[in-house]
Amino acid sequence: MQDTLCIEGGHPLHGRVRVSGAKNAGLVLMAASILADGETILDNIPRIRDVEVMTQLLNDIGVDTCWNDDNSLSICPPPGNVKNYTSYDLAKMLRASNLFLGAILGRQGEAIISLPGGCDIGSRPMDLHIKGLQALGTDISIEHGYIFARANQSCGARIYLDFPSVGATENILMMAVKTPGTSIIENAAKEPEIVDLANFLNSMGAKIRGAGTDIIKIDGVPKLKAGRYAIIPDRIEAGTYMIAAAISGGEIEVENVIPTHLHPVVAKLQETGAFVQENDQGILVRAGEQILPVDIKTLPYPGFPTDMQSQMIALLSLARGSSVIVENVFENRFQIVDELKRMGANIKVEGHTAVVEGVQTLYGARVKATDLRAGAALVLAALVARGETVIEDAIHIFRGYEDIPRKLSMLGARVK
Ligand code: UD1
């Protein structure tokens, strides 16, 4: 069955794995492509479920997309307006569908966007997106599950975000690049995917400074020109394979990475006793003699990424001692715990904190991927568990990991 992954544990992974393009950069760049006139070509876009849904969303609003022979993705908006409306049926499948709010507003000043779906990891409000877009002169109302937004004499503004939200920074950025005057986003998100978006927009003629810092300044321009751009590698996919080496007792060279993007993960992995070395090809990870317990707090970048928290819990389930994990970004991100307990893990959750008491062995079981990263964590646990693990609802994993059964098999895992 396509929606189930079966993994026989106990085979240390060895070899090289090439990391795909970053899901979260790819999704926002696909939306941002409609800000330009003409054909945009994106290289390094991963062939994953979320990208498939994003292409359907683009097609649904009248934008042509096509995969080229060299694996690049062409995005061609029509000469006039796109349909200014995203439907619930597609938007519910993907949180990133909310990025069409800033993109369509930036393109043509009026958008009706279905409130988005995506991973069930917390309430995921959009108040910061809305506050920022209103500051740029947009009238916004929410009715019947849709956001109705209309730019009304928009002009540049100073916007302070109460929290450095990735999506809010991206939506505001996409509108601000086409808004007359200077806009300043304070307490902006600093994730590498934000920098990639700014670099992409600048390559099309936008005037953005400071991306990657707390303060982003944007001078609006009337037009952007389409071009070709290669997105950054996926730091979360890379981190997941790095943990695969550490948990399975193997050694993996993770290729096509930007090491600085992975420093928070590398630092914690080293504390667990794994050997980690950057080299010209990428990052080499070798399992330590034993897994040491570590404490982790998730934070916005450059803090430890919430998207690596579940995978780290899987690793620490087998540590020699107890680890304390504090989740500060999403309130409902410990669903992985119940599934790992089915495999023999000893974890207690109290509010935003999980206490992981390491056990000696995990056992194969029937488990369920409750969200994308929880699914990845179950894959990691299954690699080392005694016997076979059957992961149901693996569709969540395919949303974000390109070719995962093949990549794992090439490293020596037994995956069906
Ligand atoms: C993006 C990533 C996701 C990652 C997350 C944090 C994409 C497609 N997804 O999600 O993989 O886990 O960043 O790195 O890029 N918040 C508000 N009000 C808002 C917006 C957000 O309170 O208007 C809160 C959220 O509830 C959450 C926190 O801010 O607690 C972080 O959310 P945000 O940074 O916006 O994450 P996303 O952009 O949804």
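The secondary structure of the chain consists of 14 helices and 24 strands. The radius of gyration is 21 Å, close to the 22 Å that the globule rule gives for 416 residues, so the chain is as compact as a globular protein of that length. The model is predicted. Along the principal axes, the C-alpha trace spans about 65 × 45 × 40 Å. Of the 416 residues, 58% count as buried. Contacts between residues at least 6 apart in sequence were also examined; 73% of them join residues at least 24 apart.

The accessible surface of the chain amounts to about 16100 Å², and carbon and sulfur atoms contribute 48% of this area. Among the side chains, 39 are positive and 48 are negative. The centres of these two sets of charges are 1 Å apart.

Side chains of opposite charge can pair when their charged atoms come close. In this chain the count comes to 22 salt bridges, and three of these pairs, E255 with R16, K23 with D50 and R406 with D403, are described here.

The salt bridge between E255 and R16 has its closest N and O atoms 3.6 Å apart. E255 counts as buried because its relative accessible area, 17%, is under the 20% limit. R16, by contrast, has a relative accessible area of 54% and counts as exposed, because this value is over 50%.

K23 forms a salt bridge with D50, in which the closest N and O atoms are 3.7 Å apart. Here too the partners come from distant parts of the chain, K23 lying in helix α1 (residues 23-32) and D50 in helix α2 (residues 49-60), 27 residues apart. K23 is buried, with a relative accessible area of 8%, and D50 is likewise buried, at 2%.

R406 has a relative accessibility of 44% and counts as partly exposed. D403 is also partly exposed, with a relative accessible area of 36%. Elsewhere, salt bridges that share partners join K23, D50 and R399 into one network.

Two loop residues were examined individually. H261 is located in the loop between β15 and α9 (263-271). With a relative accessible area of 14%, H261 falls under the 20% limit and therefore counts as buried. When residues up to four places away in sequence are not counted, H261 touches P192, I232, R235 and Y301.

G344 is placed in the loop between α11 (336-342) and β20 (346-350). The relative accessible area of G344 is 33%, a value between the limits of 20% and 50%, so this residue counts as partly exposed. Apart from its neighbours within four places in sequence, G344 is in contact with V359 and L362. The C-alpha atoms of G344 and I185 are separated by 46 Å, and the two residues are 159 apart along the chain.

How values were computed. Residues are numbered from 1 along each chain as its sequence is written. This is a predicted model: local features need pLDDT of at least 70, side-chain atom pairs count only at pLDDT 80 or more; totals for chains, interfaces and linings use all residues. Side-chain values use heavy atoms; hydrogens and water are left out. A salt bridge is a side-chain nitrogen of Lys or Arg within 4 Å of a carboxyl oxygen of Asp or Glu. Buried means under 20% relative accessible area, exposed over 50%, partly exposed in between (1.4 Å probe, protein chains only). Helices (H or I, at least four residues) and strands (E, at least two) are DSSP runs, numbered from the N terminus. The radius of gyration is taken over C-alpha atoms; the globule rule is 2.2 Å times the number of residues to the power 0.38. Contact means heavy atoms within 4.5 Å. Accessible areas come from the Shrake-Rupley method with a 1.4 Å probe; for residues, only the protein chains shown count as cover. Lys and Arg count as positive and Asp and Glu as negative; His and the chain ends are not counted. The place of a charge is taken as NZ of Lys, CZ of Arg, CG of Asp or CD of Glu.
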